[in-house]
Amino acid sequence: MTKKNKSIVQRALAGLIETGDVDTLASFLSEEFVHHRPDSTTATRTQWLAAVRAALGPTAGMRVEVLHLLADGDHVVVHSRRRLPDAGPEIVAVDVLRVADGLIAEVWEIIEPVAHAAANASWWEPAHH
């Protein structure tokens, strides 16, 4: 099951990463798909796919480097680095996807701008006034 789920996620993301193919991504999402991210207004399949399509313009030419693709049971984790062209802003993302019945049922998305990483490295330390 783990290898199969990893393959589902790889195939779902391949077209999106390589050519911006949102339709192939959509074909791998369950009708009950849920997107989880605290700062997002997209929760449903329809909302998330619309947001992905809308982002394709501003992120045209973005380079995506998948650093890790890990699977355990029905969950697959994708750790990636994404950079806009011409030395534009860079982010690191961790996506946790849950696969059910051969389709992606949920995704949790964690994104951090690389430029902010140093500021977040000591989040546990008290603020100095």
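In what order do the elements of the protein run from the N terminus on? They run α-α-β-α-β-β-β-β-α, and the secondary structure comes to four helices and five strands, where helices (H or I, at least four residues) and strands (E, at least two) are DSSP runs numbered from the N terminus. This is a predicted model, in which local features need pLDDT of at least 70 and side-chain atom pairs count only at pLDDT 80 or more, while totals for chains, interfaces and linings use all residues. Residues are numbered from 1 along each chain as its sequence is written, and side-chain values use heavy atoms, with hydrogens and water left out.

**The protein as a whole**

- Along its principal axes, the C-alpha trace of the protein spans about 50 × 35 × 25 Å.
- Of the 129 residues, 27% count as buried, a term that stands for under 20% relative accessible area, with exposed meaning over 50% and partly exposed lying in between (1.4 Å probe, protein chains only).
- The protein exposes about 8100 Å², of which carbon and sulfur atoms supply 58%; accessible areas come from the Shrake-Rupley method with a 1.4 Å probe, and for residues only the protein chains shown count as cover.
- Among contacts (heavy atoms within 4.5 Å) between residues at least 6 apart in sequence, 38% join residues at least 24 apart.

**The sheet**

- Five strands form an open sheet in the order β1-β5-β4-β3-β2, with mixed pairing; two strands count as paired if DSSP finds at least two bridges between them.
- The edge strands are β1 (29–36) and β2 (63–72), each of which pairs on one side only.
- Neighbouring strands of this sheet are turned by 20 degrees against each other on average, direction ignored; axes here are lines fitted to C-alpha atoms, for helices over the stretch in contact, and angles run from 0 to 180 degrees between N-to-C directions.

**Antiparallel pairs and their hairpins**

- Strands β3 and β4 pair in the antiparallel sense over nine bridges, and His75 has Arg98 in β4 as its bridge partner.
- The hairpin of β3 and β4 has six residues between the strands, and in it Asp86 takes a positive phi near 55 degrees.
- Strands β4 (residues 90–100) and β5 (residues 103–113) run antiparallel and are joined by 10 bridges; Ala93 stands opposite Ile111 in β5, and Ala100 has Leu103 in β5 as its bridge partner.
- The hairpin of β4 and β5 has two residues between the strands, and in it Asp101 takes a positive phi near 55 degrees.

**Helices on the sheet**

- Helix α1 (residues 2–19) lies across β2, β3 (75–83), β4 and β5, and runs at about 165 degrees to β2.
- Helix α3 (residues 45–55) packs on the sheet, where it touches β1 and β5, and its direction makes about 70 degrees with that of β1.

- Ser30 has its place in strand β1 and counts as buried because its relative accessibility is 8%.
- Leaving aside neighbours within four places in sequence, Ser30 is in contact with Arg45, Leu103, Ile104 and Ala105, whereas the C-alpha atoms of Ser30 and Lys4, 26 residues apart along the chain, are separated by 16 Å.
- Arg81, found in strand β3, is partly exposed, with a relative accessible area of 32%.
- With neighbours within four places in sequence left aside, the contacts of Arg81 include Arg63, Val64, Glu90 and Val114.
- Arg81 and His68 are 13 residues apart in sequence and 10.0 Å apart in space, C-alpha to C-alpha.
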